[in-house]
Amino acid sequence: MEVTAIYPGTFDPMTLGHIDVALRAGKMFDRLIIAIAESPNKKPHFDLDERAAMANEIMQEHASIEIQSFDGLLVDLAQRINARVIVRGLRAISDFDYEVQIAGVNRHLAPDVETVFIAASHDYTFLSSSIVREIASFGGDYSEFVHPVVVSAFNRKGR
Ligand code: COA
């Protein structure tokens with residue numbers, strides 16, 4: 001049976017840490033959907049279309065990885081597209097409590113959808129989208145943390 005997995009996040013913007021998790025998850029499942037959440041409560045710097053366009057361009061050469069935007073509940077999207085797995089990256093022990101809590105809520109809402117955690121590569125354990133945005137906002141060099149597509153997007157949109 002083919003297994004579809006979802007890798008959800010706000011991806012404001014996608015970092016090399018996210019790409020690392022996505023590519024490793026992509027090898028584990030037949031199909032991986034990177035699900036870009038609208039996340040209005042986070043007041044994203046890049047709007048949903050911009051975040052999805054960046055992710056599409058970054059992932060274009062990976063045929064088994066698709067990009068989909070969503071609002072509402074993640075488990076509703078999972079059920080709509082028949083995904084049985086949610087992938088989340090774990091960077092450090094500090095991620096653990098929150099991630100286990102969310103996995104519990106999602107399992108309660110959709111018992112057939114399993115959450116799988118992938119340990120982030122050591123190089124990226126300190127990295128987050130807000131750190132990238134913060135460095136960018138002060139004019140610092142964040143280019144080693146993101147795909148060049150993200151640098152172009154910051155240059156277009158401003159920091
Ligand atoms: N590399 C780099 N950064 C990583 C990372 C990795 N491997 N893994 C996580 N991060 C970062 C993210 O970029 C994010 O950074 P930021 O806060 O600086 O933007 C942070 O770690 C994790 O943020 P979090 O809020 O946990 O996740 P998210 O914003 O990426 O995604 C959703 C959260 C979208 C998955 C979740 O809110 C969701 O499912 N929303 C839909 C509604 C729903 O169903 N809720 C669940 C029931 S309560």
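Author: A polar contact is a pair of N or O atoms within 3.5 Å; within protein, one must be able to donate a hydrogen and the other to accept it, and residues adjacent in sequence count only if both atoms are side-chain atoms. The model is predicted, so local features need pLDDT of at least 70 and side-chain atom pairs count only at pLDDT 80 or more, while totals for chains, interfaces and linings use all residues. Residues are numbered from 1 along each chain as its sequence is written, and side-chain values use heavy atoms, with hydrogens and water left out.

Reader: What makes the pairing of the Ser39 and Thr10 side chains a polar contact?

Author: Their distance is 2.8 Å, and the limit is 3.5 Å. Ser39 sits in the loop between strand S2 (31-37) and helix H2 (48-58); helices (H or I, at least four residues) and strands (E, at least two) are DSSP runs, numbered from the N terminus.

Reader: Why is Ser39 called buried?

Author: Buried means under 20% relative accessible area, exposed over 50%, and partly exposed in between (1.4 Å probe, protein chains only). Ser39 has 14%, so the residue is buried. Leaving aside neighbours within four places in sequence, Ser39 is in contact (heavy atoms within 4.5 Å) with Thr10 and Pro44.

Reader: Why does Lys43 count as exposed?

Author: Lys43 has a relative accessibility of 70%, so this residue counts as exposed. Lys43 also lies in the loop between S2 and H2, and its phi is near 45°, a positive value in a residue other than glycine.

Reader: What makes Asn82 exposed?

Author: Its relative accessibility is 61%, so Asn82 counts as exposed. Asn82 belongs to the loop between helix H3 (74-80) and strand S4 (85-90), and has a positive phi, near 65°, though not a glycine.

Reader: How do you know that the peptide bond from Asp12 to Pro13 is cis?

Author: Its omega is near 0°. Pro13 is in the loop between strand S1 (4-9) and helix H1 (16-28).

Reader: What makes a set of residues a nonpolar core?

Author: The members are buried Ala, Val, Leu, Ile, Met, Phe, Trp, Tyr and Cys residues joined through side-chain atoms within 4.5 Å. The largest such core has 35 residues, and Tyr7, Met14, Leu32, Ile34, Ile36, Met59 and Val87 touch the most other members. H2 gives the most to this core, with 5 residues. A second, separate core of 14 residues includes Ile33, Ala35, Val75 and Val113.

Reader: Why is the pair of Phe46 and Phe154 called edge-to-face?

Author: Rings of Phe, Tyr and Trp (its six-membered ring) pair if their centres lie within 6.5 Å; planes under 30 degrees apart count as stacked, over 60 as edge-to-face and the rest as tilted. The ring centres of Phe46 and Phe154 are 4.9 Å apart and the planes are at 70°, so the pair is edge-to-face. Phe46 is in the loop between S2 and H2 and Phe154 in helix H6, 108 residues apart. With 1% relative accessible area, Phe46 is buried; Phe154, at 2%, is buried. Ring pairs link Phe46, Tyr142 and Phe154 into a cluster.

Reader: How many aromatic pairs does this rule give?

Author: The count comes to 4. Among them is the pair of Tyr7 and Phe11, edge-to-face at 5.4 Å centre to centre with 75° between the planes. Tyr7 and Phe11 are both buried.
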